[in-house]
Amino acid sequence: MQTIDLQQTDLRTLNATLHAQAETTNQTTWTIENPRGAHALACGLDAPIEVTVNGHTGYYCAGMNKQATVNIKGSAGPGVAENMMSGTVVIDGDASQYAGATGHGGLLVIKGNASSRCGISMKGIDIVVHGNIGHMSAFMAQSGNLVVCGDAGEALGDSLYEARLFVRGSVKSLGADCIEKEMRPEHLEILADLLARGSSTAKPEEFRRYGSARKLYNFHIDNAY
Amino acid sequence: MPPEGRCFFGEFTMCGIVGLFLKDSRLEPQLGALLTQMLITMTDRGPDSAGIAIYSGEQEDKTKLTLQSETPETSFEDLAARLGAPLGIPVDVRVKSTHAVVTLPAGQTAAARAVLTDIDPSLRVMSRGDSIEIYKEVGLPKNVAARFEIEKMRGTHGIGHTRMATESAVTTMGAHPFNTGDDQCLVHNGSLSNHNSLRRKLRREGIHIETENDTEVGAAYLTWKMQNGATLGEALQSSLEDLDGFFTFVVGTKDGFGVLRDPIACKPAVMAETDQYVAFGSEYRALVDLPGIEAARVWEPEPATVYFWSHNAAPTSSEKAA
């Protein structure tokens with residue numbers, strides 16, 4: 001196992017070292033010590049490596065991730081796993097604003113709560129939040145799944161496209177064009193798989209499903225203010 | 001104060017706020033040093049100017065004014081005598097760079113201000129109150145902290161601000177914190193979009209507003225509300241209705257420390273609490289050197305929720321006490 005201590009090594013060296021790992025690297029396990037809220041930790045990775053960050057992180061940790069698994073043993077600042085393409089990001093604590101924003105693929109697991117705008121404009125990423133999420137989550141979400149084991153804040157799924165939203169607790173309000181939908185067997189199957197991959201013991205039957213009413217897809221004069 | 005490179009989902013890094021409220025009096029000698037460290041960490045969020053409000057404690061039957069001058073050598077020379085003689089009261093003046101802390105007998109603030117306007121109209125009042133002292137200047141936070149020797153100051157609580165100017169000029173008067181009333185102050189990260197109309201309205205109500213700065217309008221708004229009988233909590237609550245724009249406010253009072261984010265909450269905020277203190281930072285980075293931070297409860301304050309801690313409250317803090 002490789003250990004990089006950010007008290008000794010600067011951030012650029014850390015990220016350059018992780019970027020240098022090839023598809024076939026045999027240095028597959030990395031630990032980052034003393035993150036102290038630094039920005040852009042473990043960003044832009046593209047190798048099947050596992051990186052563990054021992055502490056809280058600042059803006060944009062694990063952004064643009066491909067293939068790698070990034071474990072954050074603390075809470076994450078704004079924009080964690082933003083624009084993730086593949087791989088897995090697991091946060092033991094809470095996540096700040098716009099976690100998993102615009103993500104195209106991969107799995108983001110937040111074991112605490114996520115704040116506002118979680119999964120905004122998500123494009124295929126799967127997000128599993130063990131706690132609650134804040135307002136404007138999944139705004140303009142296009143595809144992928146957002147699973148919330150706790151409650152959702154205001155304006156969930158506003159202007160939603162085809163992403164699936166599963167919420168176990170209460171939803172403070174639904175955004176424009178977001179509606180509750182029937183939970184069919186295929187959805188329970190998808191949800192069971194996501195909960196298992198997200199290490200949640202919640203039961204799929206306890207969730208409700210929300211999705212797009214598809215009324216904002218085309219311009220309609222009655223939608224104008 | 002600063003707007004943003006606000007993109008679709010949030011903001012870039014503009015302006016930094018720090019705050020520290022001590023529960024454990026054993027940390028009081030270190031307050032200035034801890035706040036200075038927090039402030040310097042936020043330099044890249046706001047390199048234009050910096051300011052700090054420190055509640056350094058009360059002296060019995062005394063009150064204070066913090067003054068600022070562009071020409072401290074002449075303005076502060078003999079000030080104790082020039083101010084004390086016409087009023088017939090003992091006055092103590094402590095000069096720190098461009099600022100001077102004037103200590104007066106309680107109840108003499110208004111009389112002293114009238115005399116000050118007479119003897120030197122260029123003097124600016126940074127703060128007034130029994131405990132508060134406000135220091136602010138243009139320049140890098142580390143230089144501002146050093147010129148006022150903030151590191152050596154003791155106190156019960158304090159708030160600081162690093163500014164990236166956007167809504168008005170880089171000047172001392174545009175720097176935060178803003179004094180909103182006796183022993184009250186405000187720092188702000190964000191930008192108010194209705195500050196021009198609100199400034200006109202408040203001026204009609206007789207509220208003195210010095211600059212074109214949006215935060216000063218926010219501060220004046222709170223002052224106006226409180227002059228009309230609102231508590232600080234109520235004034236903050238009504239600001240959610242009356243202020244348009246983005247803001248995270250941190251406010252200080254003689255005994256307490258409060259936090260409020262606008263309902264959209266795109267300006268960042270992190271809080272940490274231990275048995276010894278409650279701390280606020282625009283980012284977690286600002287908090288990493290606080291004692292015992294590894295074991296602190298760290299969380300993000302909720303939007304549109306007033307948080308307040310007071311030394312007057314029960315031993316545990318009174319969170320969300322609007």
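Two residues are in contact here if their C-beta atoms, placed from the backbone, lie within 7 Å. Keep that in mind for the close-ups below, which all come from a predicted model.

**View 1. Helix H1 of chain B, tucked inside.** Let's start with helix H1 (residues 31–41) of chain B: 9 of its 11 residues are buried, so the helix is largely enclosed by the rest of the structure.

**View 2. B:Phe280 and its surroundings.** Is B:Phe280 buried or exposed? B:Phe280 counts as buried, because it has 26 C-beta neighbours inside 10 Å, and the cut-off for buried is 20 or more. If you skip the neighbours within four places in sequence, B:Phe280 is in contact with B:Ile17, B:Val18, B:Gly19, B:Val250, B:Val259, B:Ala269 and B:Met271. Now look for B:Ala304, which is 24 residues away from B:Phe280 along the chain, with 16 Å between the two C-alpha atoms.

View 3. Helix H6 (residues 195–204) of chain B packs on H7(B) at an angle of about 40°, and their axes are 10 Å apart. That angle makes H6(B) oblique to H7(B). The crossing of H6(B) and H7(B) is left-handed. On the H6(B) side, the contact uses B:His195, B:Leu198, B:Arg199 and B:Leu202, while H7(B) brings B:Asp214, B:Val217, B:Ala220, B:Tyr221 and B:Trp224. Sorted by class, the contact of H6(B) with H7(B) has 6 nonpolar, 1 polar and 2 charged residues.

**View 4. Helix H7 of chain B again, now with H8.** Slide along to helix H7 (residues 214–227) and helix H8 (residues 232–242) of chain B, which pack at an angle of about 125° with their axes 9 Å apart. H7(B) and H8(B) are therefore oblique to each other. The crossing of H7(B) and H8(B) is right-handed. B:Tyr221, B:Leu222, B:Lys225 and B:Met226 of H7(B) make the contact with B:Leu232, B:Ala235, B:Ser238, B:Ser239 and B:Asp242 of H8(B). Among the residues in the contact of H7(B) with H8(B), 5 are nonpolar, 2 polar and 2 charged.

View 5. Now check the peptide bond from B:His176 to B:Pro177, which is cis, with omega near -5°. B:Pro177 is in the loop between strand E8 (157–163) and strand E9 (178–181) of chain B. Over in chain A, A:Ser159 isn't a glycine, yet its phi is positive, near 55°. You'll find A:Ser159 in the loop between strand E8 (143–148) and strand E9 (164–167) of chain A, and it counts as partly exposed because it has 16 C-beta neighbours inside 10 Å. A:Asp177 isn't a glycine either, and its phi is positive at about 70°. A:Asp177 lies in the loop between E9 and strand E10 (178–181) of chain A, and it is partly exposed, with 18 other C-beta atoms within 10 Å.

**View 6. A buried residue in a loop of chain A.** Look for A:Ile120 in the loop between strand E6 (107–110) and strand E7 (123–129) of chain A. With 24 other C-beta atoms within 10 Å, A:Ile120 is buried. From A:Ile120 to A:Asn65 there are 55 residues in sequence and 17 Å in space, C-alpha to C-alpha.

**View 7. The two domains of chain B.** Chain B splits into domain 1 (1–56 + 140–322) and domain 2 (58–130). How many Å separate their centres? The answer is 25 Å, taken over C-alpha atoms. Where the domains touch, 11 residues of domain 1 are in contact with 10 residues of domain 2. The domain 1 side of that contact has 4 nonpolar, 2 polar and 5 charged residues.

Conventions
Residues numbered from 1 in each chain as written. Chains lettered and ligands numbered in written order. Predicted model: local features only at pLDDT ≥ 70, side-chain atom pairs only at ≥ 80, totals over all residues. Helix = DSSP H or I, 4+ residues; strand = E, 2+ residues; numbered from the N terminus. Buried ≥ 20, exposed ≤ 12 C-beta atoms within 10 Å, placed from the backbone. Domains from an automatic or database assignment. Nonpolar A, V, L, I, M, F, W, Y, C, P; charged D, E, K, R; others polar. Axes fitted to C-alpha atoms, helices over the stretch in contact; angles between N-to-C directions. Parallel < 35°, antiparallel > 145°, perpendicular 65-115°, else oblique. Left-handed = near helix turned anticlockwise from the far one by under 90°.
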